[in-house]
Amino acid sequence: METDVFEQLLQSVRDFVRGRLVPLEKKVEEDDAVPDEIVAEMREMGFFALTIPTDYGGLGLTSVEEARVAMEIGWTSPAFRSVFGTTIGIGSQGIVIDGTDEQKSKYLPCMARGELIASFCLTEPNSGSDAASLKTTAERVEGGYRLNGTKRYITNAPRAGVFTVMARTDRKSDGASGVSAFIVDADTAGISLGRPERKMGQRGTHVCDVIFADCFVPDSALIGGVEGKGFRTAMKVLDRGRLHVAAFCVGTADRLIDEMVRYADGRTQFKKRISEFQLIQAMIADSEVEKEAARALVLQSAHMRDTDEPIVKAAAMSKYYASEMVGRVADRAVQVFGGAGYIAEYCVERFYRDVRLFRIYEGTSQIQQLVIAREVLNEHRRQG
Ligand code: COS
């Protein structure tokens, strides 16, 4: 996108986030729902189009541009992001990265218009971090496949019109090579949803099981038209998703530092503003340094993706560092607020619960460590 057009887009996202969404955060928390008019406004503003390629009606942002937009959106409750986040992220990117032209033409334009919500079905009751061990089957039948299995903790499933589903086409293999990816319409016979889960935070975001019982999908649902590539598709999608989550964490840290500093400047104890106490200043300083380090790492990693450099390690490092960073910043924000930080009236209490998920979903911190270490060891071994 042209630089000045992108800067205008960024400014309009910033104005919308700060002027329109922030005042609604408490309502979303209380109602456990994002108001319909906000979803409509997001559609109008092109939030659903951000990462969809321009050939299919999207804005086709680069990874650096996407990261900068995610940093703006991170300023407010993650529930707002989730309205469009799975559609522009993990729900659609399997098709964007590995789909056939027909699959792209069929699904991407309606996703870009915000008419079709997409969710990503990888996790299962017995397959979380060990994603390659998934048990959902896609049995070959005439004209297509029959899906059977349960997918767990699927974000946005109640709103989804389409699911990207990883299922085992080769039952002889119990690992990655037997997995294929499918694009499945949510109204297909044989799909049912579990009850929405009650969660620690991120109220307004809905998560539930998606159950496939003898669910027939045609051959055209196989992403890319080739069996056995689904695990790699899922991993490439997650590389991109991890960068997006990391960028969002930087935005949330920006907000928490803003809250922390304003509170510290306004609160008086021992006849001084508490911001004048060096132990408070240390918490502010540590938060700012770590947040800026995360920003630099995320933008560098996004730039690597834009220039077609390998990003497996960079995406894992970004997600690992940024999600742990925002956890520490949220903890310090609660500490600076003191007793008030534990009270729901103040937003830091809510953010403290909301950010906890960032260290878990789209790959736990421990999985990111494992990926990083594996990549570093391989680099050293390759160098001899
Ligand atoms: N990009 C492209 N291909 C990738 C890849 C990536 N990022 N990561 C792995 N692959 C490929 C490998 O190259 C390998 O291909 P070959 O068999 O052709 O060599 C194949 O996929 C299997 O990979 P690997 O051997 O690394 O699989 P593992 O079972 O060891 O699993 C981890 C790897 C643990 C990293 C993976 O299961 C994972 O990320 N787990 C976390 C899942 C997750 O994030 N869940 C969140 C739910 S979605 S919100």
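**View A. Residue classes in the shell around the ligand.** The shell around the ligand divides into 10 nonpolar, 4 polar and 6 charged residues (nonpolar: Ala, Val, Leu, Ile, Met, Phe, Trp, Tyr, Cys and Pro; charged: Asp, Glu, Lys and Arg; polar: the others, Gly among them). The model is predicted, so local features need pLDDT of at least 70 and side-chain atom pairs pLDDT 80 or more, while totals for chains, interfaces and linings use all residues. Residues are numbered from 1 along each chain as its sequence is written, and side-chain values use heavy atoms, without hydrogens and water.

View B. A polar side-chain atom of Arg374 lies 2.5 Å from an oxygen atom of the ligand. A backbone N or O atom of Ser129 is 2.8 Å from a ligand nitrogen atom. For Gly363, a polar backbone atom lies 3.0 Å from an oxygen atom of the ligand.

**View C. The largest cavity.** This cavity (a set of points on a 1 Å grid over the protein atoms alone, where a 1.4 Å probe fits but cannot get out) holds about 60 Å³ of space, the volume being that filled by probe spheres set on the points. Its lining residues (an atom within 4 Å of a point) include Ser63, Arg240 and Val298. By class, the lining has 5 nonpolar, 2 polar and 2 charged residues.

**View D. The second largest cavity.** About 40 Å³ of space lies here. Among the lining residues are Glu25, Ser77, Gln202 and Asp354. The lining divides into 3 nonpolar, 2 polar and 5 charged residues.

Technical notes:
Polar contact = N/O pair within 3.5 Å; in protein donor to acceptor, adjacent residues only side chain to side chain. 1 Å grid on protein atoms, 1.4 Å probe; cavity = no way out; pocket = protein on both sides within 12 Å on 5 of 7 lines; lining within 4 Å.
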